[in-house]
Amino acid sequence: MKRVLKVIGAVCLGIFIWMILMVCFFQIWKAKTDSMVEELGITATEASSDLADNKVKDDDEENTNLTVNVTGNSFPLKGQEEIYFDSMQEAVNANYLNSDKEYLYQRNLDNVIKEFEIDNYIIVCYNAIKSSREEAFIMSYFKIKEEGAEKKYAYVCSEIQERKHNKKRKNELEELIQNAIMGSKFRMINSIMDEKGFICGTINKNFLEKGENVFNMEIEGQKPDEIIEFESLGDKSYFWYFNDFQSDRSISELKVTFEK
């Protein structure tokens with residue numbers, strides 16, 4: 001009987017030690033992940049909670065609530081060497097090695113809409129298509145370095161907006177733009193640009209039902225730096241951005257105009 005009790009005690013002690021080790025490993029992993037994202041000025045938790053609190057929405061043809069998922073690779077940005085590849089596509093592919101099959105479509109860089117190169121970063125905006133009814137608008141961040149005449153790319157993280165068709169559109173054009181501006185407050189590109197007023201958004205053609213000319217859009221009398229047309233969910237969409245939008249008004253008070 002004593003022998004049985006000793007065996008049971010040893011097993012229980014082993015389980016207890018294993019649980020402590022797992023907690024320690026989780027805390028170490030969490031600290032490294034937070035460190036990586038904080039380098040860019042935002043945490044995944046902040047992005048998720050703040051965007052949820054402000055009910056930011058996306059703009060596909062039949063609109064859904066916007067969910068921005070911040071994903072990143074496993075290497076920290078502080079104190080360790082980044083993993084560089086010959087192309088951005090190779091860098092993204094490496095990050096998706098252990099991803100679920102349903103998310104693998106998000107690694108496809110075929111539909112690049114815009115690239116922003118800032119210091120030693122490059123931010124790539126692209127549309128990844130899963131089906132005619134489901135896609136994702138993604139902003140992926142890479143660190144870049146030059147080796148002779150060649151550039152190398154290390155994947156950092158992505159901001160992902162997954163989109164699906166719904167039965168009914170949930171917001172109007174002006175509200176759509178206001179939500180995009182609110183969401184832009186939490187984009188990592190603003191941290192990379194030293195807190196400049198970078199704002200961006202997308203507008204599906206379906207929202208221009210009153211004959212608005214999207215290329216004449218102004219916010220507080222300021223024109224976007226660029227408006228780019230792209231295909232989205234079987235229709236035309238438009239990606240717009242300001243590199244340094246300036247206004248003292250609250251987002252709900254911003255004046256948005258279109259010249260027909």
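Visitor: Why is β6 said to be largely enclosed by the rest of the structure?

Guide: Buried means under 20% relative accessible area, exposed means over 50%, and partly exposed lies in between (1.4 Å probe, protein chains only). In β6, 6 of the 6 residues are buried, so the strand is largely enclosed.

Visitor: What kind of model is this, and how are its residues numbered?

Guide: This is a predicted model: local features need pLDDT of at least 70, side-chain atom pairs count only at pLDDT 80 or more, and totals for chains, interfaces and linings use all residues. Residues are numbered from 1 along each chain as its sequence is written, and side-chain values use heavy atoms, leaving out hydrogens and water.

Visitor: What makes a stretch a helix or a strand here, and how many are there?

Guide: Both are DSSP runs, numbered from the N terminus: helices are H or I with at least four residues, strands are E with at least two. The protein chain has 5 helices and 10 strands.

Visitor: Which way do the residues of β6 point?

Guide: Ile199, Gly201 and Ile203 point one way, Cys200, Thr202 and Asn204 the other, and all are buried. In a regular strand, side chains alternate between the two faces of the sheet.

Visitor: What makes β6 and β9 a pair?

Guide: Two strands pair if DSSP finds at least two bridges between them. β6 and β9 have 6 bridges, in the antiparallel sense. Cys200 has Tyr241 in β9 as its bridge partner. Thr202 stands opposite Phe239 in β9.

Visitor: In which sense do β8 and β9 pair, and what joins them?

Guide: They pair in the antiparallel sense over 7 bridges. Ile227 stands opposite Trp240 in β9. The two strands form a hairpin with 2 residues between them, and Leu233 in the turn has a positive phi of about 50 degrees.

Visitor: Is Ser232 buried or exposed?

Guide: Ser232 has a relative accessible area of 1%, so it is buried. Ser232 sits in strand β8 (residues 226-232). Contact means heavy atoms within 4.5 Å. Leaving aside neighbours within four places in sequence, Ser232 is in contact with Asn127, Glu135, Arg163, Asn204 and Ser237.

Visitor: What makes a set of residues a nonpolar core?

Guide: The members are buried Ala, Val, Leu, Ile, Met, Phe, Trp, Tyr and Cys residues, joined through side-chain atoms within 4.5 Å. The largest such core here has 23 residues; Leu173, Ile177, Ile181, Ile203, Ile219 and Trp240 touch the most other members. At least two residues of this core come from each of α4 (173-184), β6 (199-204) and β9 (235-242). The largest share, 6 residues, is from α4.

Visitor: What is Ile181 in contact with?

Guide: Beyond its neighbours within four places in sequence, Ile181 is in contact with Ile199, Ile219, Trp240, Ile251 and Leu254. Another core, of 21 residues, lies apart from the largest one; Ile113, Phe116, Phe137 and Ile228 are among its members.

Visitor: How do you know that Lys114 and Glu226 form a salt bridge?

Guide: The rule asks for a side-chain nitrogen of Lys or Arg within 4 Å of a carboxyl oxygen of Asp or Glu. For Lys114 and Glu226, the closest N and O atoms are 2.9 Å apart, which meets that cut-off. Lys114 lies in strand β2 (residues 112-118) and Glu226 in strand β8, so the pair ties together parts that are 112 residues apart in sequence. By this rule the count comes to 10 salt bridges.

Visitor: Why is Glu226 called partly exposed rather than buried?

Guide: Its relative accessibility is 29%, so Glu226 falls in the in-between class.

Visitor: What N to O distance is found for Glu147 and Lys145?

Guide: Their side chains meet in a salt bridge at 3.4 Å, N to O. Glu147 is partly exposed at 41% relative accessibility, and Lys145 is partly exposed at 30%.

Visitor: What makes Glu218 and Lys223 a salt bridge?

Guide: The closest N and O atoms of Glu218 and Lys223 are 3.4 Å apart, so the pair qualifies. Glu218 counts as partly exposed at 23% relative accessibility. Lys223 is partly exposed too, with a relative accessible area of 47%.
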